[in-house]
Every structure is written in structure tokens, then in C-alpha cells.
2 protein chains.
Amino acid sequence: MSEKFTKLKALIAEVSDLNAAQALLDWDQQTYMPSGGAEGRGHQLATLGSLTHQKFTSPKIGALIEDLKKEFADADPDSDEARYLKVVSKDYDQATKVPAEFVAKFALLTAHAHETWAKARQENNFSIFQPDLEEILEMRKEYVSFFPPADHPYDTLLDQFEPGMKTADVKEIFGVLRERQVELLKNIADAKQVNDDFMHINYPEKQQWDFGVEVATKFGYDWNRGRQDKSVHPFTTSFGINDVRITTRFMEDFFPSALFGTMHEAGHGLYEMGINQEYSRTPLAGGASLGVHESQSRLWENLVGRSMPFWEHFYPRLQETFPSQLGNVALPDFYKGINKVEPSLIRVEADEATYNMHIMLRLELEIAMIEGSVEIKDLPTLWNTKFEEYLGITPPNDAEGVLQDIHWSFGGLGYFSTYALGNLISVQLWEKMNEDIPDIDEQIRKGEFSTLLGWLRKNVHTHGRKYEPQELVQRVTGSKITPEPYLRYLENKYSEIYGL
Amino acid sequence: MSEKFTKLKALIAEVSDLNAAQALLDWDQQTYMPSGGAEGRGHQLATLGSLTHQKFTSPKIGALIEDLKKEFADADPDSDEARYLKVVSKDYDQATKVPAEFVAKFALLTAHAHETWAKARQENNFSIFQPDLEEILEMRKEYVSFFPPADHPYDTLLDQFEPGMKTADVKEIFGVLRERQVELLKNIADAKQVNDDFMHINYPEKQQWDFGVEVATKFGYDWNRGRQDKSVHPFTTSFGINDVRITTRFMEDFFPSALFGTMHEAGHGLYEMGINQEYSRTPLAGGASLGVHESQSRLWENLVGRSMPFWEHFYPRLQETFPSQLGNVALPDFYKGINKVEPSLIRVEADEATYNMHIMLRLELEIAMIEGSVEIKDLPTLWNTKFEEYLGITPPNDAEGVLQDIHWSFGGLGYFSTYALGNLISVQLWEKMNEDIPDIDEQIRKGEFSTLLGWLRKNVHTHGRKYEPQELVQRVTGSKITPEPYLRYLENKYSEIYGL
């Protein structure tokens with residue numbers, strides 16, 4: 001390793017340390033911090049954030065990157081070193097292209113927007129939030145202008161979350177999805193409905209906790225390198241490859257919330273825990289993208305956790321844990337219940353079959369906003385029209401409609417599609433894994449997940465951020481991100497459940 | 001406020017934020033961090049530590065301090081602004097006088113010393129630790145040399161923990177203590193001994209936790225601005241005046257450990273919570289010294305928590321909580337039991353009457369080390385001789401003798417006396433408080449602590465680090481730190497209990 005490379009790595013390692021410290025401040029804020037700590041925590045996060053930015057964007061780092069690019073000109077472009085430099089260089093570009101004053105102004109705006117959004121939602125009055133959202137949109141457009149022109153202005157926003165992904169790709173994918181998922185939902189709506197009353201009775205928290213931990217442990221979540229705590233919104237965070245924490249929340253009258261939530265977060269956690277240890281304290285120690293991250297959480301939550309083989313193993317244990325609640329519910333009925341399809345107003349409560357429709361709606365609106373083909377004031381109406389079209393129901397008010405998500409209030413345009421992409425990727429990986437491990441169902445039926453986890457580690461986890469999402473999916477499955485496998489999966493699964 | 005003062009305050013506020021972030025990293029390490037996180041946490045603490053040091057010692061801050069000293073020349077020296085500048089200036093001096101290479105070298109040495117100390121203790125072999133301790137002593141002497149000459153070289157070390165305190169003062173105080181405490185212990189040893197068998201039976205953790213929380217709540221510990229967690233070594237930490245956390249540990253067969261531990265840490269916590277809110281994000285937001293801090297923890301733990309009026313109120317509740325353990329123990333016997341005097345080998349387990357003897361022994365050795373009047377290799381023998389003289393027992397081995405404390409391994413010379421000074425200060429404050437609140441016993445007997453807390457807030461807590469310890473004690477009690485009140489208290493209390 002050249003002296004300059006060693007120097008760059010040392011500087012970037014310190015930036016990683018500071019990012020980890022920020023992540024801990026955030027984790028604590030969401031888990032254990034007493035309410036009195038809020039104001040001070042805001043100051044601590046702001047100070048540490050600006051200091052980290054300052055350290056990372058120092059001209060010293062920029063100069064090292066430029067020198068090393070020349071030095072690496074003939075290096076193997078797939079080597080860890082070359083990829084490290086590529087990722088650092090891209091992050092550096094993204095961090096330095098945006099003026100500090102812009103960042104500060106945007107932070108003020110979104111702090112204000114968070115308040116107006118919350119108020120608008122509470123009072124069910126979109127116009128309270130409208131002016132801030134208009135300004136956020138203008139500033140997102142300005143943000144785009146700091147970067148070289150792309151094929152589509154939305155590309156620049158998308159690229160923050162799905163590196164290398166193009167708006168045209170996403171549009172094409174969602175074009176295929178839209179038609180067939182709408183069709184599927186119509187057929188399900190016309191079929192005999194599924195009963196899930198047993199999910200809406202009392203399940204004590206303690207037993208829910210223990211069962212979730214048991215499942216996560218079987219999945220391979222390493223408690224020596226992680227832990228689970230409670231928070232209002234479940235999340236996964238990492239302070240390094242060997243300290244990856246998940247959180248969950250409990251609804252005593254709806255046990256799937258915590259159980260599938262734990263599987264979901266454990267999926268995120270297993271990804272972070274499986275990254276090559278050599279990448280410690282480097283920007284390679286993270287997921288390839290939000291979409292790929294979501295593919296891991298959805299894989300464990302849905303493809304494993306909502307499958308029949310999984311419950312053939314675990315259902316007796318669950319019945320044992322909750323004898324009065326589930327003693328009289330047969331496995332096939334339980335399986336149907338946890339897979340019930342029911343168009344609902346709220347994205348975060350959506351089932352597998354409807355989830356992508358929520359995303360598509362938002363993605364289309366975001367692209368229209370950036371293209372300027374819709375005015376902010378018209379969003380509520382447009383939202384409701386599309387909602388009716390895609391899900392067959394109309395939100396009774398804006399609080400449960402256009403105002404339901406926090407994302408736009410913090411300026412997170414370009415973010416939503418990653419949730420849907422995660423679903424698609426999860427099934428693409430799953431199909432390939434099935435080819436490589438033909439008896440996977442048999443293994444899951446025995447509560448055996450180590451071969452599956454090993455496969456994911458080798459093909460996905462270990463690489464961290466080394467490959468961009470399209471590239472990673474191509475390397476593993478031989479194809480770019482495509483909706484076909486996911487549609488096949490949905491259609492098969494729900495045809496069986498609903499007798500279509 | 002002048003522009004320069006505003007600028008200095010803004011810079012120092014950021015340093016406070018970074019210190020708070022470090023404190024959180026440390027809190028997490030001791031409470032919730034999974035073992036896998038240790039290596040990464042070490043990096044995070046090192047990076048944040050050096051960055052904070054760098055930021056605080058920037059010449060920009062030094063120049064502002066110098067300019068402001070001139071600007072403040074005619075200001076009221078007792079104003080918050082003048083005291084703020086004095087404290088910042090002193091901290092800045094202390095941080096800049098010591099070369100960065102020295103700090104780094106000392107960090108390496110103490111990291112190694114921690115290992116050799118642990119090994120020496122485990123193998124009961126002082127010579128394993130001896131070379132490192134010799135080097136630590138040399139480096140402490142070198143540290144002293146970075147500062148202007150003091151009356152005694154130990155002054156410079158002491159001043160880090162007890163600002164303004166002199167070795168001569170401490171020697172004088174301990175001279176008085178030694179004689180009378182040794183005498184008291186002799187008399188107690190000759191008296192009829194107290195029975196405390198009831199303390200050494202099983203007390204389930206859950207009830208211990210709840211009772212401790214109940215007491216801390218009554219004391220006035222504000223759970224909206226704090227919390228209690230478990231850790232191996234109990235401690236109090238603060239991330240700001242409105243986020244002050246305590247920890248405790250449980251021994252199921254020795255309930256006083258957690259209960260008096262919680263009172264002790266709550267005492268530290270109440271101090272931090274009571275600091276003037278105007279001092280937020282400034283170096284005034286802390287205790288006046290370790291000794292004054294300890295006075296607050298010992299006051300709640302011993303003067304309140306081990307007093308008869310306290311238990312007249314709480315003992316029925318404790319009996320209710322532990323009916324099978326305490327149902328047949330009468331209050332006077334309980335009171336004697338929790339105040340039993342028993343010379344023991346280990347400082348942290350010492351009772352009120354013997355505690356200071358442990359401290360005195362260490363202080364005398366430390367001063368001798370710095371003066372060069374004892375060689376490190378002779379410490380074990382000297383320790384044992386003094387131990388026999390002061391406590392009447394001889395340590396059977398060095399692990400339970402000279403090797404029992406971790407402090408020297410991290411270079412903490414100058415630290416121990418603060419524990420004893422805290423005891424003295426606690427009773428000085430207590431006597432004055434009794435004059436101001438004549439019916440305090442009556443209030444405590446009713447479980448009423450708000451007047452007491454109010455008195456401490458007004459006289460001690462609110463000032464934070466504004467006054468140095470001697471000055472603070474003088475302002476409140478009209479006298480400097482003196483052993484007389486403490487000796488009076490001990491002699492009265494134990495004469496009654498042991499019928500001397």
C-alpha cells in the first residue's frame with residue numbers, strides 16, 4: 001500500500017469513528033434518552049455532524065483522492081483498494097459539491113417543515129405544510145443543479161440512495177409491476193376472504209419478546225455483536241461490523257408487528273454483521289444501497305418468515321407459547337392469516353401484495369414534482385385519485401393520505417422506490433439461492449438457516465458497499481434488477497392462498 | 001456581552017457537546033454495549049478524544065482567552081462571566097501545558113499498565129506491575145514539571161481533582177483525622193459487636209430495584225432528566241444538566257450494595273441536575289471538585305440514608321417489601337446492622353468509621369512516592385505495615401493489599417484524598433444545614449426531602465464549578481474544609497451504637 005493510501009485510510013477511519021459516534025447518539029435518543037435530554041442531544045448531533053462534515057471534506061482528503069486516482073490508474077478495478085477509492089471519491093464529491101450554506105439553510109428548512117408537517121397531519125390540513133414542501137422541492141431542484149446533468153433530474157436524487165440507478169430503469173420496472181399487481185389485487189378482492197381474527201387478540205409482550213429473540217437467534221443474529229431494544233419506530237443501526245443493533249416495538253393486540261418486525265430488522269442486522277471484517281472503519285462497511293438493504297430485511301421477514309416451511313417448524317413452538325390464543329388455530333389457517341391481503345390506507349401496515357402500490361404512487365408523484373408536471377397544491381387530489389386507482393380505496397382525509405409519511409418533510413425525495421426495489425431484489429436472490437441450495441425448503445422446515453445465511457454472506461453481505469446495486473444483482477443472479485421474479489412469486493403465493 | 005466573549009462561548013459550547021458525546025460512548029460501553037463492540041469503541045473514543053483536545057487547545061481559543069482577560073480586568077470577579085473565563089482559562093492551561101506526545105505516550109503506558117496490574121492482581125505478584133508503576137511515577141513527575149513550581153510537587157496532581165487544594169492542607173487535615181479515627185476504631189473493637197446476619201440472606205433483585213427507585217424518587221431525582229441502568233461498577237454521568245444518568249448493581253445476598261449504591265449515585269445525580277441551567281454547554285456545568293461531588297453522594301447515602309430518622313420512615317416499607325427477610329428484625333437492630341463497623345481489607349466495602357483510614361494510607365504512600373521517600377518495590381511492605389497500624393489487620397496477600405485499586409494503573413495519583421475530603425465536607429454542610437433547617441430530622445422522619453434538596457441546590461448545586469471547593473465550603477459554612485465536624489459526627493454516632 002502506498003504511503004498516500006495509508007494516509008487516506010487513516011483519515012477516513014477517523015471519519016468512520018465520528019459517524020459511529022453520531023449513530024450512537026441517535027440510537028440512544030430513540031431508545032433510552034430521558035425526555036429532558038432532547039435539547040442537549042440536538043446540540044451534540046449538530047456539533048458532531050458539522051465537525052464530521054468538516055473533517056471529511058478537508059482539501060487534504062480531496063488532494064489524496066486525486067493523487068491516488070492517478071496512482072490506481074492501472075490497478076485491477078475490482079480490487080478492494082480500487083473500489084474503496086471509488087466509493088470514497090464518490091462520497092467526497094457528493095459532500096463537497098453541495099455548499100455548506102445550502103446544507104445549513106436546508107437543515108433549517110426541514111426542521112421547520114417537520115413541525116408544519118406534524119401540525120398539518122394533526123389538523124388534517126395540507127395547506128399548513130404546503131409552503132414548506134414547495135420550498136423543499138425548490139431546494140431539491142437546486143441540489144440537483146450542483147451535480148453534472150444526468151439523463152433525468154430525478155436521477156441525482158435517486159443516486160443518493162440507489163447508487164447507479166436511473167429514473168428510466170425505475171420507470172420501466174414499475175410500469176411492468178403496476179399493471180400486473182393491480183390485476184392481482186382485483187382478483188384477490190373478488191375471491192373468498194381470509195380470516196385473521198386470531199391475530200387481533202391479546203399476546204403478552206414478554207412472550208412476544210422471547211419468541212422474537214428465539215427466531216432471530218435461529219436466523220444467526222449474533223448477540224455478542226448486537227442487541228435488541230425497544231423504540232417507537234423499529235430500526236437497525238451499526239457502530240461497526242461487530243456492534244450492530246436492532247430495535248422493535250410491541251402491540252399486545254397484534255403480535256405480527258413485533259415478530260415480523262424483529263425478523264425484518266434482524267435481516268438488516270445480519271447484512272451489516274456479515275460484511276468483510278477487512279472493511280472495518282471504511283465506507284465499504286455498509287449496505288450496497290437502501291434497496292439492497294431492504295432486500296435482506298424483506299427476505300428474512302417475508303420469503304422466510306411468512307412461508308409455509310418456516311411455520312411448519314415454528315408453529316408448534318408458537319402455539320406452545322400462546323396456547324389460549326392459538327391452540328385452536330390450525331397451521332393452514334394461521335398461514336393464510338399472516339398472509340392476508342387487505343388494501344389499507346397506511347403504507348407501513350401494508351401486506352406483501354399491496355405494498356409496492358403504495359410505493360409506486362409516491363414515486364410517480366415525486367418524479368412529477370421534480371419534472372414540474374404537478375403543483376404541490378394539487379398533490380392531495382392526485383394522491384387520492386391514484387390511491388383509488390391502485391388500491392381501490394379512497395383516503396377519507398389527507399392525514400391518512402398525502403400527509404402520512406414523514407419523508408418529504410425531511411427532504412427525502414428519491415427514497416421511496418428503494419422499498420419496492422428491495423422486494424424485487426429479495427426474490428431475485430431467492431430464486432438464485434434456490435438453484436444453489438435445492439433443499440432449502442427442507443432445511444427451513446427443520447429450523448436450519450445456516451446454509452441460507454452462508455449463501456447470503458458469500459454472495460451479498462461480505463461485499464458491503466463494494467459493488468453498486470445493479471452490479472451486485474447482476475453478479476449474483478446474472479441479470480439486472482427485474483420485476484419478473486417478484487411478480488411470479490406474488491402470483492404463485494396468492495393464487496394458492498386465495499384459490500385464484 | 002462582547003463579541004469576543006460570544007465567540008469564545010460558542011467555541012467552548014461545541015467542546016462541551018463533544019465531551020457529552022464521549023460521555024455517552026463511555027456510558028454505553030459500561031451498560032449496553034455487546035462485547036463485540038469493544039474494539040470499535042476504543043477507536044471511537046480515541047478519535048473523539050483527540051479531536052476534542054485539538055478543538056479545545058486551538059490557538060484561536062487561547063487568543064480569545066488572553067484578550068478577554070484584559071477586557072474583564074475590571075469586571076466583578078464573582079460574576080458568572082468572570083468565573084466562566086477563570087475556569088476556561090485554567091482548563092485551557094492544563095490542556096495546553098502538557099505536550100501532545102506526552103499525552104500519547106502516557107496513554108500507551110497506562111494501557112499496558114492496566115494489563116500488568118490486572119495480571120499482577122490475578123497472580124498475586126506485585127513485581128509484574130512494578131516496572132510500569134515505576135514508569136508511571138516518573139511520568140507523573142514529568143507531568144508536574146510542565147506546570148509552574150508549587151509549594152509541594154503533589155499540589156499539581158491534587159489540583160487536577162481538588163482545584164486550589166494544597167498538600168499541606170490535606171496533610172494537616174489527615175493528621176487530625178488519623179489519631180482520633182484510630183482511637184475510635186480501637187474503642188469499637190473492644191465493644192460488644194453488632195449482628196448483621198440479616199443482611200446476608202437472599203433479597204430478590206426486582207424488589208431491590210423498585211425500593212431503590214422509590215427512595216431516589218423521594219430524594220427528588222428527576223426521572224424525566226435521568227435514568228438508572230445496571231453496570232459492573234456503579235457510576236453517575238451527565239450529558240448536560242437535563243440528562244444525568246446513574247447506574248447500580250445488585251448482590252442478591254447483600255442488599256445494602258444496591259440500595260446504598262443507588263442513594264450514593266442519586267446524590268451525585270442530584271448535584272448535576274441542580275446546576276444553574278444558564279451554565280448549560282459551559283464548563284461551569286459540573287461539580288466544583290471530586291471532593292465536593294463526593295460530599296453530595298455521601299450526604300444522601302450516609303447522613304440521610306444510614307440515619308435513624310430516615311429508617312423510621314422507610315423501615316416499615318422495607319419490611320413490607322421483604323417480609324420473610326426482615327419481618328422479625330426490629331428497627332434498632334436493623335439500624336445497628338447497616339452501621340456495623342468492621343475493619344476489612346477492601347476500601348470499596350468499608351464502613352463509615354474505617355473508610356477514611358483506607359484513604360489516608362493511600363494518600364501517605366502517594367505523597368511519599370512523589371517526594372521520592374519510598375521506592376516502588378517497597379510499597380507492598382509499607383502498605384501492610386500501615387494497614388496493620390490503622391485498621392488492625394494485615395492483608396494476607398498483595399492482591400487484597402497494594403494491588404486492590406485500579407487507580408494507579410491509569411496514572412490517577414492525586415485522586416484518592418477526594419474520597420475522604422468528600423466525607424468531611426458532607427458533615428460540614430450537614431451541620432450548617434441543621435442550623436438553617438432545625439426540624440430536618442422531623443421532615444426526614446416523614447419522608448420529606450424537598451427542603452433539604454432546596455437547601456443543597458441553593459447553597460451548593462446551582463453554582464456548579466463556579467467556586468473552588470475551599471471557597472465554596474467557606475461561603476456556605478463560614479469555615480474551610482476541616483475534620484472536626486466529621487469526627488464529632490463519627491464519635492457521636494458510634495458511641496451510641498456501640499455504647500462507648
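**Interface of chains A and B**

I looked up the contacts between the chains first: 32 residues of chain A touch 32 residues of chain B, where contact means heavy atoms within 4.5 Å. The model is a predicted one, in which local features need pLDDT of at least 70 and side-chain atom pairs count only at pLDDT 80 or more, while totals for chains, interfaces and linings use all residues. Residues are numbered from 1 along each chain as its sequence is written, chains are lettered from A and ligands numbered from 1 in the order in which they are written, and side-chain values use heavy atoms, with hydrogens and water left out.

I noted the buried area next. Chain A and chain B bury about 2,600 Å² between them, and 62% of it lies on carbon and sulfur atoms. The term stands for the accessible area (1.4 Å probe) that two parts lose on being put together, summed over both.

I then checked the charged pairs. The rule finds 4 salt bridges across the interface of chain A and chain B, each being a side-chain nitrogen of Lys or Arg within 4 Å of a carboxyl oxygen of Asp or Glu. I opened the one between D243(A) and R41(B), where the closest N and O atoms are 3.9 Å apart.

I also looked up the polar contacts. Across the interface of chain A and chain B there are 15 residue pairs in polar contact, both residues at pLDDT 80 or more. A polar contact is a pair of N or O atoms within 3.5 Å; within protein, one must be able to donate a hydrogen and the other to accept it, and residues adjacent in sequence count only if both atoms are side-chain atoms.

On chain A, the elements giving two or more residues to the side that touches chain B are α1 (3-31), α2 (38-56) and β1 (226-230). Helices (H or I, at least four residues) and strands (E, at least two) are DSSP runs, numbered from the N terminus. The largest share of that side, 9 residues, comes from α1(A).

**T167(A)**

I located T167(A) in helix α8 (residues 167-190) of chain A. T167(A) is buried, with a relative accessible area of 1%; buried means under 20%, exposed over 50%, partly exposed in between (1.4 Å probe, protein chains only). Its side chain is joined to that of D155(A) by a polar contact of 2.3 Å. Beyond its neighbours within four places in sequence, T167(A) is in contact with residues including H152(A), Y154(A) and I367(A).

**Positive phi**

I listed two residues here. N124(A) is not a glycine, yet has a positive phi of about 55°. N124(A) sits in the loop between α5 (100-123) and α6 (126-145) of chain A. R281(B), also not a glycine, has a positive phi near 60°; R281(B) is in the loop between α10 (256-273) and α11 (290-304) of chain B.
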